[in-house]
Amino acid sequence: MNTMLFQKEKEIAQSAIVAAMEITRRIQNGFSRGDMLTKADRSPVTIADFTVQAVVCKILNERLGPVAIVGEEDSEALKKSENRELLERILSFASAGQERLTPSQLFALIDLAHSPHGESFWALDPIDGTKGFLRGDQYALALALISGGQVRIGILGCPRLLRSNRGRSSAGFLFSAVKGEGAEALNLATGMSRRIHVSRRRERSLLRMVGSYESSHHDPRTQEKISSLLHLRQAAQKLDGQVKYGIVASGDADLYLRIPNPQTPDYRENIWDHAAGCLLVEEAGGIVTDISGKKLDFSRGTTLNGNSGIMASNGLVHSLLLEAVSHSL
Ligand code: AMP
Ligand code: MG
């Protein structure tokens with residue numbers, strides 16, 4: 001694949017995520033308790049997760065021809081009669097402004113993200129940080145093109161991200177990166193796009209760390225130990241989903257640490273939870289590894305089963321963090 005091809009693919013992926021972000025904002029504003037389900041693994045899924053997956057699959061497929069997509073959700077739960085109301089809500093959001101989809105059309109769109117795929121495919125997390133979405137907090141729409149085990153394009157939509165020092169915006173940010181081409185952030189409130197770069201901070205006491213909001217997704221005790229070993233002055237900022245990578249890539253934080261929770265030792269990170277964010281930080285000049293310093297390996301199926309935990313940084317303080325991590329474990 002050449003760069004020109006990526007340009008077209010990047011633009012179509014961006015437009016799919018922007019269209020879906022518009023829908024998630026509407027869903028989050030009018031959210032009611034009946035708009036969600038609990039999955040078999042006891043994690044929540046909402047009408048926004050299904051709607052985004054359908055809309056993004058539809059746009060990618062229509063505009064790029066048949067493409068392979070690996071996505072987090074499937075349509076099984078929506079086929080049950082007890083979820084009829086939920087299905088109706090998804091159909092109306094997913095069909096907005098167009099001819100109304102039939103249930104079977106919707107199921108087929110959602111399940112496009114489970115079609116067989118070769119070595120080149122899109123990885124989609126329709127709502128990364130569903131728990132944050134439900135709390136009215138941060139969440140991200142994450143889409144990445146993976147080819148030959150490498151992330152080539154990473155797009156992150158962060159509808160609730162504000163820039164504290166640049167005025168209030170309510171439309172959020174769209175982060176994009178293409179391998180070898182750098183990273184950019186589009187402020188959706190102003191329409192202004194800029195190249196982004198990780199911070200240049202090295203001074204330990206000034207370093208800013210981000211981590212998961214959900215304590216079950218990491219090891220809070222060890223992470224606090226590491227923060228104090230590093231003499232960080234500020235407590236780690238807790239955020240849902242890959243918004244954390246966006247914040248490190250744009251220099252607003254210097255470190256993102258995700259030590260596996262000892263209570264879920266068999267948990268493996270999903271590729272769609274990290275692919276877009278990883279490329280974004282790397283293309284912004286940072287470094288992303290697991291907690292032993294190994295690069296993330298996206299060539300091993302739908303999980304990062306060759307890696308344990310995540311460390312992303314501005315690069316300058318990566319070895320410092322690695323040292324603190326190995327000292328604490
Ligand atoms: P975050 O908000 O960064 O914790 O990311 C949310 C993601 O954490 C979800 O998409 C889940 O796939 C993932 N997740 C769920 N359970 C775990 C776990 N035990 N350890 C690490 N991540 C998890
Ligand atoms: Mg996720």
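1. Two domains first: the protein splits into domain 1 (3-195) and domain 2 (204-328), with bounds from an automatic or database domain assignment. Their C-alpha centres sit 23 Å apart. Keep in mind that this is a predicted model, where local features need pLDDT of at least 70 and side-chain atom pairs count only at pLDDT 80 or more, while totals for chains, interfaces and linings use all residues. Residues are numbered from 1 along each chain as its sequence is written, chains are lettered from A and ligands numbered from 1 in the order in which they are written, and side-chain values use heavy atoms, with hydrogens and water left out.

2. How do the domains touch? On the domain 1 side 40 residues are in contact with 27 residues of domain 2 (contact: heavy atoms within 4.5 Å). The area buried between them is about 2400 Å², and carbon and sulfur atoms give 67% of that. Buried area here is the accessible area (1.4 Å probe) that two parts lose on being put together, summed over both. Arg-135, Val-151 and Leu-156 supply 19% of what domain 1 buries against domain 2, more than any other three residues.

3. Now the charged pairs. Between the domains there are 2 salt bridges, each being a side-chain nitrogen of Lys or Arg within 4 Å of a carboxyl oxygen of Asp or Glu. Arg-135 shows up again here, as its side chain meets that of Glu-214 in a salt bridge (2.8 Å, N to O).

4. Which element gives the most to the side of domain 1 that touches domain 2? That would be strand S6 (150-158), with 7 residues. Strands are DSSP runs (E, at least two) and helices likewise (H or I, at least four residues), numbered from the N terminus.

5. Have a look at the magnesium ion (ligand 2) too: Asp-125 (OD), Asp-128 (OD) and Asp-273 (OD) coordinate the ion at 2.0 to 2.3 Å. Donors are N, O and S atoms within 2.8 Å of the metal (3.2 Å for Na, K and Ca), and water is not among the atoms, so sites may look incomplete. Along the chain the donors follow the spacing D-x2-D-x144-D. Asp-128 in strand S4 and Asp-273 in the loop between strand S12 (255-258) and helix H8 (275-283) are 145 residues apart.

6. Lastly, the structure as a whole holds 16 salt bridges. One of them joins Glu-72 and Lys-39, with the closest N and O atoms 3.8 Å apart.
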